[in-house]
Amino acid sequence: MTVHDIRAFNRFYTNVIGALDYSRHLYAPYTLTESRVLYELAHSPRTDAADLRAELSLDAGYLSRILNKFEQDGLIVRTASQEDPRRRRVTLTARGRETGKLLEERASESVGSLLSTVPADERPRLAEAMTTVRTILSHGRTPHREDVLLREPGPGDLGWIVQRNAALYAAEYGFNADYEGLVARIVADFAEDHDPHLERVWIAELDGRPVGCVMVVRDEAPATARLRLLLVEPDARGLGIGDRLVAAVVDFARGVGYRDLVLWTNDVLAAARRIYQRHGFALVAEKPHRSFGKDLNGQDWRLDLHATPE
């Protein structure tokens, strides 16, 4: 292989995905770089400009101009970071969240149209080839946030949710088979009867394999959604996957009109509780109980979806 071969492939692929005229390709007033910045903000809705610049390897002046444009368009607000007043926190507005969602939908539709031209029996070979390219060119580097894809579940993914919940909670917290039974019932209820407009599952995928999941379903209380089954594989932790999964649930629940988002967890799940707190959930009740072969302290958390993010 020569430099010419790689450059030829790059020219071919950027043309296929419309990278050189991204705004026209998606019928949106944003370039590929601007859309990528908006994507990062949508999946980590409270971040500092400095972190964003480092994550995307962007020139400070270039990023500043993009953020100025977003601010003028009413997509973001910038405030002083609570941790460091010298840093600027960037937060999406409701309009920004809606714009990010629209761009993501159009990008998915575009890729779906491209994939529809590939015969079904050729798709595994295409996926394998893409994985090979990424693996060889990464030189074994540590995975980054952008390597993780959030997607809808495919065949076998719901079974994976049950299996991984059972295995991880047994290994990390000593839960017995009662927990597997609970997860199996939750997943079976979703699979057999759910409203796709009001209830969803997300799978986090890294290098072609599932590494995380979360679910949102209607709660018994009016205008209330319930977050369930948040999980991130141990070897994929540290990539912000839990934050992205919870952000996806919050944005979805808010977007379809729920008033409140609730969840039940146990105080031993410290990492998950920190994620909930970062997204504005408040502890409303807790009660000791004996479940899954353990003495636990159950907790109910609630997020007011109409409240303004801090």
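Modeller: L263 has W301 in β10 as its bridge partner. The model is predicted, so to speak of local features requires pLDDT of at least 70 and of side-chain atom pairs pLDDT 80 or more, while totals for chains, interfaces and linings use all residues. Numbering starts from 1 along each chain as its sequence is written, and side-chain values use heavy atoms, without hydrogens or water.

Strand β8 covers residues 260-266 and strand β10 covers residues 294-304; the two run antiparallel and are joined by 7 bridges (pairing requires at least two DSSP bridges).

Strand β8 also has a partner in strand β7, residues 224-232, to which 3 bridges connect it in the parallel sense. Within that pairing, A225 is bridged to L261 of β8. Of the 7 residues in β8, 6 are buried, and the strand is mostly covered (buried is under 20% relative accessible area, exposed over 50%, partly exposed in between, with a 1.4 Å probe and protein chains only).

Strand β10 likewise pairs with strand β9, residues 282-291, in the antiparallel sense over 9 bridges. In this pairing, P288 has N297 in β10 as its bridge partner. The strands β9 and β10 form a hairpin with 2 residues between them. In the turn of that hairpin, F292 has a positive phi of about 60°.

Helix α8, residues 157-173, packs against helix α9, residues 177-192, at an angle of about 160°, and their axes are 9 Å apart (axes are fitted to C-alpha atoms over the stretch in contact, with angles from 0 to 180 degrees between N-to-C directions). The helices α8 and α9 are therefore roughly antiparallel to each other (over 145 degrees). The residues of α8 that meet α9 include L158, I161, V162 and Y169, and those on the α9 side include Y179, V183, V187 and A191 (contact is heavy atoms within 4.5 Å).

L182 also lies in α9. With a relative accessibility of 24%, L182 counts as partly exposed. Its C-alpha atom is separated by 20 Å from that of P153, and L182 and P153 are 29 residues apart along the chain.

Methods. Helices (H or I, at least four residues) and strands (E, at least two) are DSSP runs, numbered from the N terminus. Angles under 35 degrees count as roughly parallel, over 145 as roughly antiparallel, 65 to 115 as roughly perpendicular and the rest as oblique.
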